[in-house]
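Here is a short briefing on one protein chain.

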Amino acid sequence: MKKLVTKILSVLLTCSLLAGCSIEVKEKKERSGHEYYIYYMNKDATALKKEKYEPEQETADFMLKDLMQRLNNKSLDGERIKLLPEEVEITSYNIADTILVIDFNGKYAKMSKAREILVRAGVVKTFLQIAGVSAVQFTVNGVDLKDSREQAVGNMNNSSFMELNGNDADSYCYGTFTLYFTDKTGKNLLEEQRTVRYKRSIPKEKVILEQLMKGPMEKGNYPTIPENTGVLSVTIADRICYLTVDDAFSDYALDVADKIPIYSIVNSLLSGIEADKVQITVGDDREGTFREKMPLYRFYEKKEDIVIKK
């Protein structure tokens with residue numbers, strides 16, 4: 001009987017310890033319920049992606065050092081590209097109040113504008129996850145990062161970049177856009193109002209470009225860009241829209257005046273998005289011209305004097 005009681009007590013004690021461990025693990029998970037992500041680019045370097053990041057410690061000091069090292073580490077598989085190009089590196093960082101200041105080497109300024117904006121957004125989103133960091137500021141060789149208008153970019157947070165809400169990815173909304181097509185002569189632009197139902201997760205600038213490629217729906221309006229034009233990337237930063245299209249834009253250009261395809265895009269975009277200027281790149285050519293008269297390296301503003309009223 002004594003042995004039986006001893007065994008029962010032993011089993012109860014073991015169960016109690018196991019139950020205690022179970023409760024302890026559960027409580028630990030509940031305390032560590034915050035999810036962190038680290039950002040990278042898709043294989044075409046045209047969009048940000050993210051994957052879960054599980055730090056060994058959730059202290060600000062550890063996460064800062066660990067994330068800085070991970071960003072400087074350029075190795076990733078073929079489907080993913082690290083945010084920072086091979087020669088671009090974080091050289092130092094410091095925190096002033098709640099502002100994280102990150103300094104890059106001079107190679108940062110050599111990135112294409114489309115890549116730089118994605119890098120900027122990915123780095124800022126990564127570090128804003130750390131407790132105590134309310135904004136991020138970039139410097140290059142100790143000098144404040146400048147935007148396209150040579151003004152200091154300053155403090156950046158999540159509202160500095162266009163954000164898509166993942167919870168709304170499958171919901172739809174309606175938008176009315178002013179599109180610009182050409183007339184029969186191919187020398188002027190005509191307005192066309194169009195209401196479109198589209199996924200909320202698709203940026204307005206992409207919706208506008210898709211509608212332009214579909215061509216006009218009103219009588220007397222004519223298309224301005226080839227319907228097979230491919231949009232490689234479109235990004236908005238510092239109130240400038242950076243658009244990259246494939247070679248079909250120029251290879252299959254329509255029989256219209258040189259300025260018409262450019263200003264058809266520019267006027268349509270600037271009528272529907274929060275930007276003041278548009279820069280268009282065709283393929284890898286950022287320094288050449290579209291046809292003979294339209295340089296690709298400049299920033300285009302909305303042009304009203306070629307728009308005629310019906």
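In which strand does glutamine 137 lie? Glutamine 137 lies in strand 6, which covers residues 135-140. The model is predicted. The protein has 310 residues, and 43% of them count as buried. Its secondary structure comprises six helices and 14 strands.

**Glutamine 137**

- Is glutamine 137 buried or exposed? Glutamine 137 has a relative accessible area of 19%. The cut-off for buried is under 20%, so glutamine 137 counts as buried.
- Neighbours within four places in sequence are left aside here.

**Contacts across the chain**

- Take the contacts between residues at least 6 apart in sequence. Of these, 60% join residues at least 24 apart.

**Strands 8 and 9**

- Strand 8 spans residues 172-182 and is mostly covered. Eight of its eleven residues are buried.
- How many bridges join strand 8 to strand 9? There are eleven, and the two strands run antiparallel. Strand 9 spans residues 189-199.
- One of the paired positions is threonine 176, whose bridge partner in strand 9 is threonine 195.
- Strand 8 and strand 9 make a hairpin, with six residues between them. Glycine 186 sits in the turn and has a positive phi of about 75 degrees.

- Three strands form an open sheet in the order 10-11-12, with mixed pairing.
- From one strand to the next, the twist averages 15 degrees.
- Strand 11 (residues 240-245) and strand 12 run parallel and are joined by six bridges. Among the bridged positions, valine 245 has valine 282 of strand 12 as its partner.
- Helix 6 lies across strand 11 and strand 12. Helix 6 runs at about 135 degrees to strand 12.

**Helix 4 against helix 6**

- Helix 6 (residues 259-272) also meets helix 4 (residues 204-214). Their axes come within 10 Å and cross at roughly 140 degrees.
- Angles over 145 degrees count as roughly antiparallel, and this pair is therefore oblique.
- The crossing of helix 4 and helix 6 is right-handed.
- Which residues of helix 4 meet helix 6? They are Lys204, Glu205, Ile208, Leu209 and Leu212. On the helix 6 side, the contact is made by Ser264, Ile265, Ser268, Leu269 and Gly272.
- By class, this contact of helix 4 with helix 6 has five nonpolar, three polar and two charged residues.

**Helix 2 against helix 3**

- Helix 2 (residues 60-72) packs on helix 3 (residues 113-127) at an angle of about 155 degrees. Their axes are 11 Å apart.
- That angle makes helix 2 roughly antiparallel to helix 3.
- Helix 2 passes helix 3 in a right-handed crossing.
- Helix 2 contributes Leu64, Leu67, Met68 and Leu71 to the contact. Helix 3 contributes Val123, Thr126 and Phe127.
- The residues in this contact of helix 2 with helix 3 divide into six nonpolar and one polar, with no charged.

How values were computed
Residues numbered from 1 in each chain as written. Predicted model: local features only at pLDDT ≥ 70, side-chain atom pairs only at ≥ 80, totals over all residues. Heavy atoms only, no water. Axes fitted to C-alpha atoms, helices over the stretch in contact; angles between N-to-C directions. Helix = DSSP H or I, 4+ residues; strand = E, 2+ residues; numbered from the N terminus. Parallel < 35°, antiparallel > 145°, perpendicular 65-115°, else oblique. Left-handed = near helix turned anticlockwise from the far one by under 90°. Contact = heavy atoms within 4.5 Å. Nonpolar A, V, L, I, M, F, W, Y, C, P; charged D, E, K, R; others polar. Pairing = 2+ DSSP bridges. Buried < 20%, exposed > 50% of the residue type's maximum accessible area, 1.4 Å probe, protein only.
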